[in-house]
Every structure is written in structure tokens, then in C-alpha cells.
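Here is a short briefing to read alongside the model. Please keep the sequence and the 3D view open as you go.

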Amino acid sequence: GLTAMGDWINYLAVDNSNNKWFASVDGLIKYDDTIFTLMDTTNSNLPFEPINRILADKDTHLWISGDSKIAKYDGANWQVYSPPFTAGHILRMTADSNNVLWLSTGVWEDGFYRFDGSTWTNYTTTNSGIQSDVASVVAIDKNNLVWTNYIAGITSFDGVAWINYDNGNGSGYPAFHGAYEIQVDRFNNKWICTSDGVVVFNETGVVGVDEINQQMSALNLYPNPGKEEVTMSIEAKNSENVTIT
């Protein structure tokens, strides 16, 4: 079904209802695990096409970007915004826990942007603590910290303070060339794609195999805090009887 609607897929997102959304040169494609549906400017109120990037935020909204605009979809209507830069330059879009949008533009050397629904804020080397205006990556961790990249390391931002991590500032961060992607796992480790392999980093210290194994073996409770009944899971390194007190 997807192939019949076009093969050029620029990006994808999965929303809170497990629908898959594909950003396509032909429009917006939705897959609900049964049916593929193409939304374009002729059969829907889709505001523009082609679509370059797509994001499903934490408030069930869908965001798309095109060559000159971005738009937010609530399941019925679109709200269109004109950013103070060329929207076609967007490399990454992500949303924090407050559904504030963060966008990186990479090789266009104008840093990255924050959009709260009304105000655009541009962060560059001239007005912030980032180390390079070539910010191609932006990610949000479990503590709502914003992370971006530069040639020799990565930078975190909590809304006030900037902290840089690289091999030259005593942070213990390993030396590598380039950071091309940052993804955050459930233990708040930052997994970073580099030209020298994959780096796993946590601001409490560089993470290795032993640390990851210890995290995986930790006791997990849901819900936490719990009332009346909780679901508990534990992983042991070896096949053995385990007593939980």
C-alpha cells in the first residue's frame, strides 16, 4: 500500500495511538496497522506538500515541515506557522515534556531553534553556550534537558545553564569525530552515533557495558509509586533462584 502511494519517504513518526505517519514528497501518509491513507492538498486540508520532516508530540499533535512553513495537526485541523528561517533546512524536530518544539538546521550554520507556539528563539554561538552553529542534532532526555552536538562533543541545556562535554574539558567524555545522532534510552543514557562508532554517555559518567548491565538488572516497578497493586520485574545475570524481600 505504501509503495502505491510513492516511494520517496523523507521521515516517519509514531503517535501515542501507535499510528505510523510518513513524510512523503506526495503528502502525508498514515498507517493504522491495517490501512494506508494518503493525505495531500487535493483530497484533504493538508496545507502543503512535499513534507520534509514529521514529529508526533506528547500531546497527540502531529507536526510537519515543508520548504517554507511548519504546521501542527490536531486530528482535524491544521495550524500553519512561518518560521524565521527556511523550513526546508530542518534536520531534526523534537518536543520536550511541555510540548515546546526544538529544531536543528545543521549545515546551514545558524544553530538551533525553540518554538513555544508563539515565539521563536534562535540559539547560536553568539548568544548561548553551544560550541558550534552547525547543530545538526537536537534531543530531549528524561529530565527534559535539551542536547545538541558539536564537532568534539555534545552540549546540554536546562533552559538556563549550558554544559559542554568533550574529551578536552575533564568530563571523561571519549574523543571521537562528529556526533550525527543522539537518542535517549529509558535509563537516560545518551546513545551517540559518531564516525568512530557508537558512544554511550551519561552526565554522571561515561557508560560502559558493565554499567548498562547493572541498569538492566535493577528492579522495575509499575506504577511507581504504587497503590494496592504493582507490577514488578527483575533481571538476573545468571539463571538462578532469586529472593525478593
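Is Val 242 buried, partly exposed or exposed? Val 242 is partly exposed, because its relative accessible area is 46% (buried means under 20% relative accessible area, exposed over 50%, and partly exposed in between, with a 1.4 Å probe and protein chains only).

This is a predicted model, in which local features need pLDDT of at least 70 and side-chain atom pairs count only at pLDDT 80 or more, while totals for chains, interfaces and linings use all residues. Residues are numbered from 1 along each chain as its sequence is written, and side-chain values use heavy atoms, with hydrogens and water left out.

**Surface patch**

- Val 242 belongs to a nonpolar surface patch that also includes Leu 221, Val 230, Met 232, Ile 234 and Ile 244.
- Together, the six residues of this patch have about 490 Å² of accessible area (areas come from the Shrake-Rupley method with a 1.4 Å probe, and for residues only the protein chains shown count as cover).
- Patches are made of residues with over 30% relative accessible area and no salt bridge; like charges are joined within 9 Å, and nonpolar side chains (Val, Leu, Ile, Met, Phe, Trp, Tyr) within 5 Å.
- Helices (H or I, at least four residues) and strands (E, at least two) are DSSP runs, numbered from the N terminus.

- β5 and β6 run antiparallel and are joined by four bridges (two strands pair if DSSP finds at least two bridges between them).
- Within this pairing, Ile 54 stands opposite Ile 64 in β6.
- The two strands β5 and β6 form a hairpin with five residues between them, and Thr 60 in the turn has a positive phi of about 65 degrees.
- β6 also runs antiparallel to strand β7 (residues 70-73), again through four bridges, and Ser 65 has Ile 70 in β7 as its bridge partner.
- A hairpin with four residues between the strands is formed by β6 and β7.
- Which way do the side chains of β6 (residues 62-65) point? Leu 62 and Ile 64 point one way, Trp 63 and Ser 65 the other way, and all are buried.

**The four-stranded sheet**

- An open sheet has four strands in the order β17-β18-β19-β20, paired antiparallel.
- Its edge strands are β17 (181-184) and β20 (205-206), each of which pairs on one side only.
- Four bridges link β17 to β18 (residues 190-194) in the antiparallel sense, with Val 184 opposite Lys 190 in β18.
- Gly 197 is found in β19 (residues 197-202) and counts as partly exposed, at 34% relative accessibility.
- The C-alpha atoms of Gly 197 and Phe 176 are separated by 8.4 Å, and these residues are 21 apart along the chain.

**Salt bridges**

- A salt bridge is a side-chain nitrogen of Lys or Arg within 4 Å of a carboxyl oxygen of Asp or Glu; by this rule the count comes to five.
- Lys 20 and Asp 33 form one of them, with the closest N and O atoms 2.8 Å apart.
- Because Lys 20 lies in strand β2 (residues 20-24) and Asp 33 in the loop between β3 (27-31) and β4 (36-39), the pair ties together parts that are 13 residues apart in sequence. Asp 33 is partly exposed, at 41%.
- Arg 92 and Glu 181 meet through their side chains in another salt bridge (3.3 Å, N to O).
- Arg 92 is in strand β9 and Glu 181 in strand β17, so this pair ties together parts that are 89 residues apart in sequence.
- Both partners are buried: Arg 92 has a relative accessible area of 18%, and Glu 181 has 19%.
- The side chains of Arg 114 and Asp 116 also meet in a salt bridge (3.9 Å, N to O); Arg 114 is partly exposed at 23%, as is Asp 116 at 38%.

**The largest pocket**

- How much space lies in the largest pocket? About 610 Å³ lies there.
- Of the 27 residues that line this pocket, the closest to its centre are Lys 58, Thr 94, Ala 95, Ile 140 and Gln 183.
- The elements giving two or more residues to its lining are β1 (9-14), β5 (53-56), β9 (92-95), β13 (138-140) and β17.
- On a 1 Å grid over the protein atoms alone, a pocket is an open set of points where a 1.4 Å probe fits, with protein on both sides within 12 Å along at least five of seven lines; lining residues have an atom within 4 Å of a point. Grid points are joined across faces, edges and corners, and a volume is the space filled by probe spheres set on the points.
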